[in-house]
Amino acid sequence: MLAAEPAQELSVIAGLFREPLETADGVLLGVGDGLSIAVDVFGRLTEAFEALPGELDGEDLRQACEHLTEVAAAAASMAASLADEERVLARLRGSIGQVGSSVTKLRSTVGVIALLSVNARIAAAHLSNGGEDFGVFTQQVTRLAKTVERTVGDLDRDHVGLDLLLRSAQAEQDTFRRRYGQSLAAVAERLDTELRLFRAHRARSATLASTIGERSGQIASQIGAAVMSLQIGDRTRQRLDHVAQALDLLMEDDPWYGAGTTVCLLQAAQVGQAADEFADETRRTSEALRRLSLDAAALVDLGADMLGSDGGSGGSFLDRLRDRIATVSALMTECQTARGKVDHVTESLSRTLGDLVRRAEAVRAIETDMRLIGLNAAFKCGRLGDEGRTLSAIAHELRGYASQIVEDARLLKVVLKDVMSDSDILDRQRREQSARSISMLEARIGLSVSKLGHGGDRLSSAMAALAGEGRHVSASLADNARRIITETRLDQPLRATVDQLERVARALPTSVPDRENRILAQIAARYTMASERKIHERFSPSTAPIETEDALADIFF
């Protein structure tokens with residue numbers, strides 16, 4: 001057996017690195033757990049951001065853009081047409097004034113016809129035959145006179161009502177124009193600008209999302225590689241276990257002096273190599289984690305750029321567009337209510353104009369009956385000679401005023417043609433700008449807001465994960481990079497072990513080849529790593545194990 005003093009020293013040497021090794025293993029295990037979580041985080045981020053380009057270029061957001069483009073165009077058209085509508089209403093007022101003149105002429109003609117109907121009854125009553133043959137004539141004249149009077153009276157009332165409606169329509173339209181005209185134009189312009197910015201930002205964000213997804217995948221892969229590099233702890237433990245086992249073999253041999261020097265120097269070399277490899281690998285891993293921490297932080301910043309956050313206001317560019325559209329929706333709601341008043345007046349105006357045209361046509365139809373009655377009466381009066389002359393003159397005047405009614409009705413119809421033309425324009429504008437049309441625009445705005453909301457929620461969710469988990473992982477990677485260097489604390493104990501082994505070796509006698517080879521062969525049989533075998537070969541080529549394909553497998557441990 002070994003002498004007590006050297007055996008105790010070698011036992012102390014083996015204990016130098018056991019506690020620091022356990023500490024280093026605990027640190028590396030904790031780092032490994034943290035890195036596994038980071039891999040999962042960036043795996044989820046990769047999946048989320050790889051899907052975002054399709055979301056940002058999807059059908060929902062395209063439809064939202066189309067709807068909002070229609071809203072902007074409709075608002076601009078509405079604002080631009082208010083001046084046209086105002087001019088149309090002004091022309092209608094002028095035309096209605098001309099209608100009033102025509103109605104006044106008709107009313108004057110009707111008064112004469114009413115008087116003629118009275119004269120016709122008197123003249124018929126003085127005929128020698130008692131007026132029996134002319135009773136129907138006078139009744140018809142009276143009936144037609146009353147019909148014309150009633151129709152012209154209706155025309156007059158329609159004209160007065162129309163004038164009042166036009167005044168009301170002009171007042172409501174003027175109020176609407178002054179209150180909302182500029183706002184509608186400004187909203188249209190602002191919405192058009194926002195949509196241009198939105199399309200540009202959406203395209204850029206799709207590119208950034210693709211980049212973030214790709215870089216997240218790369219970071220996850222690199223973190224995975226860093227996890228594999230932490231196996232340096234297991235390799236170092238195995239190597240130091242082999243050193244302890246080699247020292248145990250040496251202490252069990254009796255006498256040991258023939259192999260002690262070589263075995264101690266060999267183990268010193270193995271421990272030194274283990275220290276070098278552990279230091280190099282942990283340094284590389286720490287540097288890799290530090291770089292990955294910076295990459296993760298840069299990725300979070302890239303995400304903020306993708307969101308389009310301005311001055312830390314939060315939310316994505318989709319959310320901001322949705323919020324700004326809310327102001328457009330509020331304006332449209334006000335416009336719908338205000339426009340409803342204009343619509344009510346213009347609808348009444350359109351109906352009244354229709355009534356006016358129908359009554360003008362009725363006057364023209366009455367003229368035909370009046371002309372036929374006058375001709376029939378003139379024919380009968382001609383057979384009466386001088387006695388029927390007065391009634392014949394009345395019938396002649398009746399035909400003349402019937403012609404006057406035709407002319408008045410024709411002039412009225414010319415004016416009404418212009419009125420109806422303007423009314424059609426007004427009606428078309430009313431349909432395009434009606435409260436119902438505005439309501440349909442509101443529905444499109446609502447649908448767009450909903451689609452933007454869904455897209456914004458998905459984008460914000462992905463960005464919240466990136467900002468929250470990404471920053472946490474970045475900080476965790478930086479902390480783990482520090483811990484690998486500052487908390488493992490294995491280099492100094494291993495260097496002390498090397499020094500003590502070399503010191504013991506120098507105090508031992510020269511090795512005996514036979515005993516040395518026997519111990520070294522036993523030690524070599526326990527190696528699991530190629531680097532151990534290479535060092536062994538430097539000290540004892542004859543006992544070094546032969547490298548095989550299986551033996552080299554530890555390179556990929």
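Visitor: What makes Arg196 and Asp192 a salt bridge?

Guide: The side chains come within 2.6 Å, N to O, and the cut-off is 4 Å between a side-chain nitrogen of Lys or Arg and a carboxyl oxygen of Asp or Glu. So the pair qualifies as a salt bridge. Both residues sit in helix α4 (residues 135–229), four residues apart, which is about one turn.

Visitor: Why is Arg196 called partly exposed?

Guide: Its relative accessible area is 48%; buried is under 20% and exposed is over 50%, so this value falls in between. Asp192, at 34%, is partly exposed too.

Visitor: How do you know that Asp491 and Arg495 form a salt bridge?

Guide: Their closest N and O atoms are 3.2 Å apart, and the limit is 4 Å, so they count. The two are four residues apart in helix α10, about one helical turn. Asp491 is partly exposed at 38%, and so is Arg495 at 30%.

Visitor: Which residues of α10 are buried?

Guide: Those under 20% relative accessible area: Pro493, Leu494, Thr497, Val498, Gln500, Leu501, Val504 and Ala505.

Visitor: How do you know that the length of helix α10 makes sense?

Guide: Its 17 residues (491–507) should span 24 Å at 1.5 Å a residue. The end C-alpha atoms are 25 Å apart, so the two values agree.

Visitor: What about Arg483 and Glu487, what makes them a salt bridge?

Guide: N to O is 3.0 Å, and anything within 4 Å counts, so they pass. Glu487 is partly exposed, with 23% relative accessible area.

Visitor: How many salt bridges does the structure hold?

Guide: There are 20. Glu86, Asp174, Arg177 and Arg178 are linked in a network of salt bridges.

Visitor: How confident is the predictor, and where is confidence lowest or highest among the helices?

Guide: The chain's mean pLDDT is 78, with 84% of residues at 70 or more. Helix α1 (residues 4–16) has the lowest mean, 71, and helix α12 (residues 530–539) the highest, 91. Over residues 309–313 pLDDT stays under 50, with five contacts beyond four places in sequence. Residues 549–553 are also below 50, with three contacts beyond near neighbours in sequence. Where pLDDT is low, the predicted coordinates should not be read in detail.

How values were computed:
Residues are numbered from 1 along each chain as its sequence is written. This is a predicted model: local features need pLDDT of at least 70, side-chain atom pairs count only at pLDDT 80 or more; totals for chains, interfaces and linings use all residues. Side-chain values use heavy atoms; hydrogens and water are left out. The expected span of a helix is 1.5 Å times one less than its number of residues. Buried means under 20% relative accessible area, exposed over 50%, partly exposed in between (1.4 Å probe, protein chains only). pLDDT is the predictor's confidence in each residue, from 0 to 100. Contact means heavy atoms within 4.5 Å.
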